[in-house]
Amino acid sequence: MECSTAESMVNRYIDRSLNEEELEEFLEHVTSCSSCYDELETYFIVHEAIQQLDDEGESMMDLQHLLEQDLKKSRRICLTRKITRWLVLTAAVILILILAGGFAFLIWNIWR
Ligand SMILES: [Zn+2]
């Protein structure tokens, strides 16, 4: 992914409006590109600071730490989706094999 593409996704990452594929590519890029990570961090901190101003009474948290947590959470979401897709696919394949096996068994019994 190009830096310009990643930079254009920063706001959408913060708004949680990236789709699954975009999110995965974005996370991959900001993990390996310090310039885009810094960009994300700046926007994220500003966004969180504004949020915290709205939530009166809450103490100022460690915002940089918060971004790390947020990235970790996003990566976990990506991984969970991947595992879920893999499990569904595996279950589908097993089901097809069972059905095909049952069907073959039936045909074999009929024609015997
Ligand atoms: Zn970059």
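Two residues count as being in contact here if their C-beta atoms, placed from the backbone, lie within 7 Å. Keep that cut-off in mind as we walk through this predicted model.

Let's start with the overall layout. The protein has 4 helices and 0 strands, and from the N terminus on its elements follow the order α-α-α-α. With a radius of gyration of 23 Å, well over the 13 Å that the globule rule gives for 112 residues, the protein is more spread out than a compact globule. As for burial, 9% of the 112 residues count as buried.

Now zoom in on one pair of helices. Two packed helices are described by the angle between their axes and the distance between the axes. Helix α1 covers residues 3-14 and helix α2 covers residues 20-32; the two pack at an angle of about 115 degrees, their axes lying 11 Å apart. The crossing of α1 past α2 is left-handed.

Which residues in α1 and α2 meet? On the α1 side you will find A6, M9 and Y13, and across from them in α2 are E22, F26, H29 and V30. By type, the residues of this contact between α1 and α2 divide into 5 nonpolar, 1 polar and 1 charged.

Finally, step back to the contacts of the whole protein. Taking those with a separation of 6 or more, 57% are between residues 24 or more positions apart.

Key. Residues are numbered from 1 along each chain as its sequence is written. This is a predicted model: local features need pLDDT of at least 70, side-chain atom pairs count only at pLDDT 80 or more; totals for chains, interfaces and linings use all residues. Axes are lines fitted to C-alpha atoms, for helices over the stretch in contact, and angles run from 0 to 180 degrees between N-to-C directions. A crossing is left-handed if the near helix is turned anticlockwise from the far one by less than a right angle, and right-handed if clockwise. Ala, Val, Leu, Ile, Met, Phe, Trp, Tyr, Cys and Pro count as nonpolar, Asp, Glu, Lys and Arg as charged, and the others, Gly among them, as polar. The radius of gyration is taken over C-alpha atoms; the globule rule is 2.2 Å times the number of residues to the power 0.38. A residue is buried if 20 or more other C-beta atoms lie within 10 Å of its own, exposed if 12 or fewer, and partly exposed in between; C-beta atoms are placed from the backbone.
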